[in-house]
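The sequence and the structure are shown below.

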Amino acid sequence: MKKRMNYNKTRQSYNDNIEKIIDYLYEYYYYIVDKVYDMSNGDIKKEELEKYLKDILIKYSERETTDNNISRYIHNKMKLFLCKQKRKKKNELVKRAFKNDYNARSEIFTSCVYRMDDKANELYNEYLNNLTIISIDDIKQMLYLEMWNFVNKFFDSKSLNDSFGMWFDLALNKTSIKLINYIKKQKQNTSIDNLYYSDIYFIEAVEVKEIYKIIEKELPDKFKIVLNMLRDGYTYEEASQEIGFTRARAGQINDKIKKIVKKKDLVI
């Protein structure tokens, strides 16, 4: 860490020659540019930070009175600048997401992964004692799939005036309740007749036991399409619309798979 500078004495030593003072201060405090540049992960150009440092020094030197703590002044200004740039980047990302930019949506989704992981750990620790058929990774994958669907639906239907963070938290809590119900049913039910089927959770139950390929071979072609779409995160409603099924017709895949499981003597 640099030794704290006495600004007033430094200014006196240069006989109040502002240009020389600023040049000296710029070299002395340039390390802050490198520091903020690293904090921004390269999102802010170094040239932009260099220009901003000079602007800060000019404004500080123009003050009628100073508190003689120029280092704190520069750090505070740089922090505000960094926050402003982060907000700007976030706003631009959100605008792109509303314009069907799936890279932007993916970046927003990725920034929320830690929240989903925290929720998955919470659910796993609270509800999955002695339940070996579901792992923490299973819970995370269920949350990821549901919340990725939410992210796309949000940016397809909401507006810039809607708060993504608030709606994300509401959707995450709603999804968690669905998962809790699913987990409780998994604890209670063991037979194929009682197994809880609901969109992606049904597919997860099938794949956990590695019987997906066996079941797929027995399905008609259109049911195979539905099954694959469900694996990709579609709901029954969305899958049925894509291939011209009714919702009820797409949902018949449940009954069809039950019959296959019994016929093949498979265990889910």
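Helix 5 makes the greatest contribution to the lining of the largest pocket, supplying nine residues. The model is a predicted one. At least two lining residues also come from each of helix 6 (102–111), helix 7 (113–127) and helix 9 (164–188). In total, 24 residues line the largest pocket, and those nearest its centre are Lys 86, Lys 89, Lys 90, Leu 93 and Glu 107. The volume of the largest pocket is about 690 Å³.

Helix 5 itself covers residues 70–98, a run of 29 residues. From its first C-alpha to its last, helix 5 reaches 42 Å, close to the 42 Å expected at 1.5 Å a residue. Just after helix 5, Asn 100 adopts a positive phi of about 65°.

Val 94 also belongs to helix 5. When neighbours within four places in sequence are set aside, Val 94 is in contact with Ile 108, Phe 155 and Leu 160. Between Val 94 and Glu 107 the separation is 13 residues in sequence and 9.9 Å in space, C-alpha to C-alpha. Glu 107 is, as noted, among the residues that lie nearest the centre of the largest pocket.

How do helix 6 and helix 7 meet, and at what angle do their axes cross? The two axes come within 4 Å and cross at roughly 45°. Helix 6 is therefore oblique to helix 7. On the side of helix 6, the contact is made by Phe 109, Thr 110 and Ser 111; on the side of helix 7, by Val 113, Tyr 114 and Met 116. By class, this contact of helix 6 with helix 7 comprises four nonpolar and two polar residues, with no charged residues.

Technical notes. Residues are numbered from 1 along each chain as its sequence is written. This is a predicted model: local features need pLDDT of at least 70, side-chain atom pairs count only at pLDDT 80 or more; totals for chains, interfaces and linings use all residues. Side-chain values use heavy atoms; hydrogens and water are left out. The expected span of a helix is 1.5 Å times one less than its number of residues. On a 1 Å grid over the protein atoms alone, a cavity is a set of points where a 1.4 Å probe fits but cannot get out, and a pocket is an open set with protein on both sides within 12 Å along at least five of seven lines; lining residues have an atom within 4 Å of a point. Grid points are joined across faces, edges and corners, and a volume is the space filled by probe spheres set on the points. Axes are lines fitted to C-alpha atoms, for helices over the stretch in contact, and angles run from 0 to 180 degrees between N-to-C directions. Angles under 35 degrees count as roughly parallel, over 145 as roughly antiparallel, 65 to 115 as roughly perpendicular and the rest as oblique. Contact means heavy atoms within 4.5 Å. Ala, Val, Leu, Ile, Met, Phe, Trp, Tyr, Cys and Pro count as nonpolar, Asp, Glu, Lys and Arg as charged, and the others, Gly among them, as polar.
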